[in-house]
Amino acid sequence: MNIRPGSFKISSHQLMILILLYSVGTVILHTPSPLAGFAKQDAWLAALFGTGIALIFVWFYIRVGNLYPDLALDQINEKVFGKIVGKMINLTFFIWSFSTAAETTYYVGSFIETFWMPDTPLVALNILLAAVVIFTVRLGIETFTRTLEIFFIPIFILLIIFLFAIIPEANIQNIQPVFEGGAKPLIRAVLFYVSVFTLSPVMFLMIFPSKVNERKKGEKAFYIGTLIGGIILILVIMLDILVLGPDTTVRNIAPSYTMAKKINVGNFLMRIEAIIATIWIFTTYTRTVMYFYVSVVVFSNLFNIKDYRPFTTALGMIMVFCSLIVFPTVSSSGEFNKNIWLFYASTYGLVMPLLLFITAKFRNIIKKPHGRQQ
């Protein structure tokens, strides 16, 4: 059943860094605005509750992965549901991961075009990111996670500098009164946060625990990476509200970037929005690599081909094309994320693993009496 090229393994520390950077990617820049649109000044509470829910999902994903620790998620699908049904499910899983890789490519290209290079064609920016992603995936997840280890400390230091530098601009009145809108808008905000932060880490079942050196330490790494990523997002969203206020946060497509422009420490440390942009682009690149890696690996498994690497260039070119047509405008991408993404992500982040877990447990219950009769 195992048709993966090579026998690579990553450490629990590498897994933790991968999950942390993946969790922050795209969310740190684009999520505060719609979150504030739902819950106003209580947006940070939605992130807080959503992070708690994410830890419950991590517990569930770990249990799903431990059903067959030596197999990746798509292989577990085939084992539990059967080859034909499993491949049908994996086909839709491929479409989801591949289309989402195209979406994240669009986000990066659109951001750079809007804020930095308005005269540069979007296609050129998307091709540049896709080329880096293709090259990364061809080298493999093991090489990628080792590279993340090198860049993690500088990225983390930049983030700490950003958080401390923006604190003097905070106004506590912007976050008051707490819970003014009641439960309904807060619940809607929590659901949105869950859709972008909590559900997509189902992707890590493609490498956890089958490609992690020590399973128990890998489980802790899963929790720690998710928790730290959630804490970072809670702090950033809270600072967006404190510095910009809920109304300005809602009106900005990238409030965290706008907030960074307000940094002024002693008229010396000013206009360091490049820091937040660097963090966002690097973490979004991490997220894109993960989506694209999962898509090409699942695609190769659909045709029982051992090595996924020959597919990377062709699928990467298709990804660039899809990134140009996936959203006609920036506003349409925002509407998609607010109104549709929850149902899209729930299909694979909740329904698929839940059915997989229930079916696997049911099959084991049936087999046990049969085994005793023998």
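The model is predicted, and local features need a pLDDT of at least 70, side-chain atom pairs count only at pLDDT 80 or more, while totals for chains, interfaces and linings use all residues. Residues are numbered from 1 along each chain as its sequence is written, and side-chain values use heavy atoms, with hydrogens and water left out.

**Helix packing**

Two packed helices are described by the angle between their axes and the distance between the axes. Helices here are DSSP runs (H or I, at least four residues), numbered from the N terminus, while strands are runs of E of at least two residues. Axes are lines fitted to C-alpha atoms, for helices over the stretch in contact, and angles run from 0 to 180 degrees between N-to-C directions.

| Helix pair | Axes come within | Crossing angle |
|---|---|---|
| α3 (residues 32–39) and α9 (residues 183–198) | 7 Å | roughly 160° |
| α6 (residues 83–115) and α13 (residues 273–302) | 8 Å | roughly 155° |
| α8 (residues 141–166) and α13 | 10 Å | roughly 155° |

The crossing of α3 and α9 is right-handed, where a crossing is left-handed if the near helix is turned anticlockwise from the far one by less than a right angle, and right-handed if clockwise. Contact means heavy atoms within 4.5 Å, and by that rule P34, L35, F38 and A39 of α3 meet P185, L186, R188, A189, F192 and Y193 of α9. These residues divide into 9 nonpolar, no polar and 1 charged, where Ala, Val, Leu, Ile, Met, Phe, Trp, Tyr, Cys and Pro count as nonpolar, Asp, Glu, Lys and Arg as charged, and the others, Gly among them, as polar.

Helix α13 takes part in the contact with α6, where the two helices are roughly antiparallel to each other and the crossing is left-handed. The contact of α6 with α13 has 18 nonpolar, 9 polar and 1 charged residues.

For α8 and α13, whose axes cross at roughly 155°, the arrangement is again described as roughly antiparallel, and the crossing is left-handed. The residues of α8 that meet α13 include I141, F144 and L148, and those of α13 include I275, T278 and Y293. This contact has 16 nonpolar, 2 polar and no charged residues.

N337 is found in helix α15 (residues 330–339), and N337 is buried, with a relative accessible area of 17%; buried means under 20%, exposed over 50%, and partly exposed in between (1.4 Å probe, protein chains only). Leaving aside neighbours within four places in sequence, N337 is in contact with Y107 and F192.

Most residues other than glycine have a negative phi, and most peptide bonds are trans. A cis peptide bond joins Q176 and P177, with omega about -5°, and P177 lies in the loop between α8 and α9. Another cis peptide bond joins F208 and P209, with omega about -5°, and P209 has its place in the loop between α9 and α10 (215–244).

K40, a residue other than glycine, has a positive phi near 55° and is partly exposed, with a relative accessible area of 39%.

Technical notes:
Angles under 35 degrees count as roughly parallel, over 145 as roughly antiparallel, 65 to 115 as roughly perpendicular and the rest as oblique.
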